[in-house]
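Please read this briefing alongside the sequence and the 3D structure. It goes through the fold, the contact between chains and the confidence of the model.

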Amino acid sequence: MAEEGQEHPISTYLWVWLLLFVLSAFSYAVDYVGFQGFTRWTLVLLFMFLKAYFICAVFMHMVWERMALVLGLFIPTFAIVVFIGIMGFESDYTQLSRKVFFDTGKPPTVYAVPHGKEHSKDHSGDEAH
Amino acid sequence: MSATSKVPLKDGMEGFVSDWASDQRAFKGVPWGKAMMWIFLLSDTFIFSIFLISYMTARWSTVEPWPNTSEVFALTVNGVSVPLLLIAIMTFILITSSGTMAMAVRSGYQKKRKQAAALLYLTAILGLSFVGMQAFEWSKLIEEGIRPWENPFGARQFGSIFFMVTGFHGFHVSVGVIFLFITARKVLRGDYDTGRRGFFTWQKGRYEIIETMGLYWHFVDLVWVFIFAFFYLW
């Protein structure tokens with residue numbers, strides 16, 4: 001078997017390109033519309049994984065590669081999932097101990113608000129000196 | 001490959017087992033340069049994962065409020081504040097450059113020398129504009145007082161994570177742009193038709209190099225998908 005390159009019809013690429021555009025627009029819309037909480041995280045993750053899948057599968061030709069290469073690259077990434085779990089647990093008790101030992105009871109220090117918001121009514125009197 | 005080509009290769013899971021158990025090269029039917037690029041990208045995946053995991057850890061463990069990225073990265077257009085406008089434009093540019101890259105690979109295999117070179121140059125220029133916008137974004141945030149050690153909007157870790165993650169990604173894009181320009185020049189000059197040797201490796205190149213280059217470029221786009229979701233949208 002010769003070493004073959006990946007050559008596929010141009011329409012496949014154009015369709016995936018269009019799809020990635022639409023998915024990016026959707027994920028941007030999640031922020032623009034202002035979904036919060038569980039809805040936001042679910043939609044962000046959904047569009048992220050769909051985009052990642054199509055880039056890997058079509059642009060990087062993963063669906064046409066031999067299983068030896070696909071699994072050789074895919075299986076090691078499960079170590080990342082384990083690491084996410086470990087560090088999620090770590091950050092949880094770190095925050096707990098910070099709250100227990102360092103919480104002064106004062107409101108959190110926020111020195112300024114992002115630009116474009118500084119002229120809003122709530123902050124007009126605060127820093128007028 | 002000539003010695004192994006007598007035995008037909010199996011497909012699917014059976015192929016996975018027999019390829020890896022063959023006591024030979026595991027990645028059959030793939031040029032070595034492409035296999036090595038994939039191995040490199042796997043290691044790069046781990047590096048970016050560690051960055052994003054450290055971001056997760058910092059954000060989940062801080063007791064100070066995390067800055068609202070929707071407001072921090074907003075741009076004011078005609079007096080209206082549009083959230084994440086520049087980031088959205090950067091995302092679309094990177095996806096567009098991925099599309100042109102995919103088509104450059106195809107043109108290369110069809111030996112359409114000039115078309116492939118033109119698409120590679122276009123990809124490089126789109127990548128360059130991405131880096132330019134990132135430089136603009138950085139200077140804007142530095143002007144607003146965001147530093148790796150502090151920022152006026154909330155948790156201090158925000159600045160360090162931002163500069164580290166987007167900086168490392170921007171570095172990847174910059175390196176990609178340089179290599180895209182080199183590859184495009186080689187394609188245009190006809191190096192892969194005439195068998196002209198490379199200036200560094202002194203090896204003869206083939207059009208497969210565009211596909212390997214493409215893998216790197218799509219990976220940069222792939223990483224941006226994750227940064228966009230976790231850092232900007234979360």
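**Briefing on a predicted two-chain model**

Along the sequence, the elements of chain B come in the order α-α-α-β-β-α-α-α-α-α. Helices (H or I, at least four residues) and strands (E, at least two) are DSSP runs, numbered from the N terminus. This is a predicted model, in which local features need pLDDT of at least 70 and side-chain atom pairs count only at pLDDT 80 or more, while totals for chains, interfaces and linings use all residues. Residues are numbered from 1 along each chain as its sequence is written, and chains are lettered from A and ligands numbered from 1 in the order in which they are written.

**Chain B**
- Chain B has 8 helices and 2 strands.
- The C-alpha trace of chain B spans about 65 × 40 × 30 Å along its principal axes.
- Of the 234 residues in chain B, 38% are buried (20 or more other C-beta atoms lie within 10 Å of the residue's own, with C-beta atoms placed from the backbone).

**Domains of chain A**
- Chain A is divided into domain 1 (8–64) and domain 2 (67–102), with bounds from an automatic or database domain assignment.
- The centres of these two domains of chain A, taken over C-alpha atoms, are 24 Å apart.

**Contact between the chains**
- The contact takes 58 residues from chain A and 63 residues from chain B; two residues are in contact if their C-beta atoms, placed from the backbone, lie within 7 Å.
- On the side of chain A that touches chain B, α4(A) gives the most, with 12 residues.
- By class, that side of chain A has 32 nonpolar, 14 polar and 12 charged residues (Ala, Val, Leu, Ile, Met, Phe, Trp, Tyr, Cys and Pro count as nonpolar, Asp, Glu, Lys and Arg as charged, and the others, Gly among them, as polar).

**α3(A) against α1(B)**
- The axes of α3(A) and α1(B) (residues 12–20) come within 8 Å and cross at roughly 80°; axes are lines fitted to C-alpha atoms, for helices over the stretch in contact, and angles run from 0 to 180 degrees between N-to-C directions.
- The two helices are therefore roughly perpendicular (65 to 115 degrees).
- Met67(A), Ala68(A) and Leu71(A) in α3(A) meet residues of α1(B), including Phe16(B) and Trp20(B).

**Confidence in chain A**
- Chain A averages a pLDDT of 82, and 79% of the residues score at least 70; pLDDT is the predictor's confidence in each residue, from 0 to 100.
- Residues 119–129 of chain A have a pLDDT below 50.
- Where pLDDT is low, the predicted coordinates should not be read in detail.

Key: Angles under 35 degrees count as roughly parallel, over 145 as roughly antiparallel, 65 to 115 as roughly perpendicular and the rest as oblique. A residue is buried if 20 or more other C-beta atoms lie within 10 Å of its own, exposed if 12 or fewer, and partly exposed in between; C-beta atoms are placed from the backbone.
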